[in-house]
Amino acid sequence: KWASNEGTRDVQTVSYMDRIMTYAEQNDMRFRQHNLIWGRNPQGGNNQQPNWADDMLQSPNAIDSVSGNINSVALRDEISERIDYYIRDRAHRYYEVDIYNESYHTGSHQNHSSNTYWDVYGPAGIASIYKESKDAVAAVGAEAKIFINEYKGATTLELVMRHYETLQNAGREAYGEDVVDGIGFQYYASHLGGGAHSPARIYSVMQNLAVHGLPMHLTEFGISSVTTNQTTQANILSEALRLVFGMPDTTGFTMWGFWAGSVWSGAPNGVLYNQDWTIRPTGPAW
């Protein structure tokens, strides 16, 4: 279904991805893949997947009319199909891939009553998805690393770390190996209120994550709309970059939009270029 019916959108997405990968290869750039599966947002709205996949999650014991299996089994088979063409067929073209995006906030710690991948498959089942993805990379002789991607609130870092450890330990118990190769963390900065930019907090978070001894990547960076002063924006970006690349095990720093003409509305002020492509103070800072 990912590659037919409603999943036709995925075929188009793969074609678009291939064009981007080709551009990267022709211009000596790396490509990072994001992401394999993702659930509803923590409040239960803003579904991040095809409606048919969410329908299967919400009725895991119902019979799938296509395969004849119960929905939880049929959906797991669809995930394997997705692993085939997003990872097995393309892992040689990128260097990292996020598997279950934000699995703490949209999985084990969601704030709604709807089923999530974490609810239906549990830690062992999610670990099997990571393991299958890792094996798909190895099968084609690629070197892409399997990442988690998560964010934290002011009080949730310890809980996020416990969530990661639960997943990793489930893989170790089932397969005798780590199923997660790297830790992705996000930073959407502000200069106001409880979420105010703090180099000390960035450093503390990275130090805590580093105890696992895995590569780390700042996977999503942006600056909120309340930070309107462009000099301040440039300083925030510069400090974040220096802190990330000052940590020995970091593998990258991904801007969540670098042009004002195409950027997430929740954090639009970290971009390097205005909509007319004139450079902003963040550009030289980068």
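In this predicted model, helices α5 and α6 cross in a right-handed manner. Helix α5 covers residues 117–139 and helix α6 covers residues 157–175; their axes come within 8 Å of each other, at a crossing angle of roughly 65°. On the α5 side, the contact is built from Trp118, Pro123, Ala124, Ile126, Ala127, Ser128, Tyr130 and Lys131. Helix α6 contributes His163, Thr166, Leu167, Ala170, Gly171 and Tyr175. Sorted by class, the contact of α5 with α6 comprises nine nonpolar residues, four polar residues and one charged residue.

With 23 residues, a straight helix would reach 33 Å at 1.5 Å a residue, yet the end C-alpha atoms of α5 are only 25 Å apart. A bend of about 85° is found in α5 at proline 123, and Pro123 is also one of the residues in the contact with α6. At the N-terminal end, α5 is capped by threonine 116, which places a side-chain oxygen 3.2 Å from the backbone nitrogen of tryptophan 118. Trp118, too, is among the α5 residues that touch α6. Beyond α5 comes glycine 141, with a positive phi near 70°.

Two further spots concern the backbone. Most residues other than glycine have a negative phi, and most peptide bonds are trans. Histidine 34 and asparagine 35, however, are joined by a cis peptide bond with omega about -5°, and asparagine 35 belongs to strand β1, residues 32–37. Glutamate 102, a residue other than glycine, has a positive phi near 55°. Glutamate 102 sits in the loop that runs between β2 (96–101) and α4 (104–108).

Key. Residues numbered from 1 in each chain as written. Predicted model: local features only at pLDDT ≥ 70, side-chain atom pairs only at ≥ 80, totals over all residues. Heavy atoms only, no water. Axes fitted to C-alpha atoms, helices over the stretch in contact; angles between N-to-C directions. Helix = DSSP H or I, 4+ residues; strand = E, 2+ residues; numbered from the N terminus. Left-handed = near helix turned anticlockwise from the far one by under 90°. Contact = heavy atoms within 4.5 Å. Nonpolar A, V, L, I, M, F, W, Y, C, P; charged D, E, K, R; others polar. Expected span 1.5 Å × (residues − 1). Bend = angle between axes of the 7 residues up to and from the residue. Polar contact = N/O pair within 3.5 Å; in protein donor to acceptor, adjacent residues only side chain to side chain.
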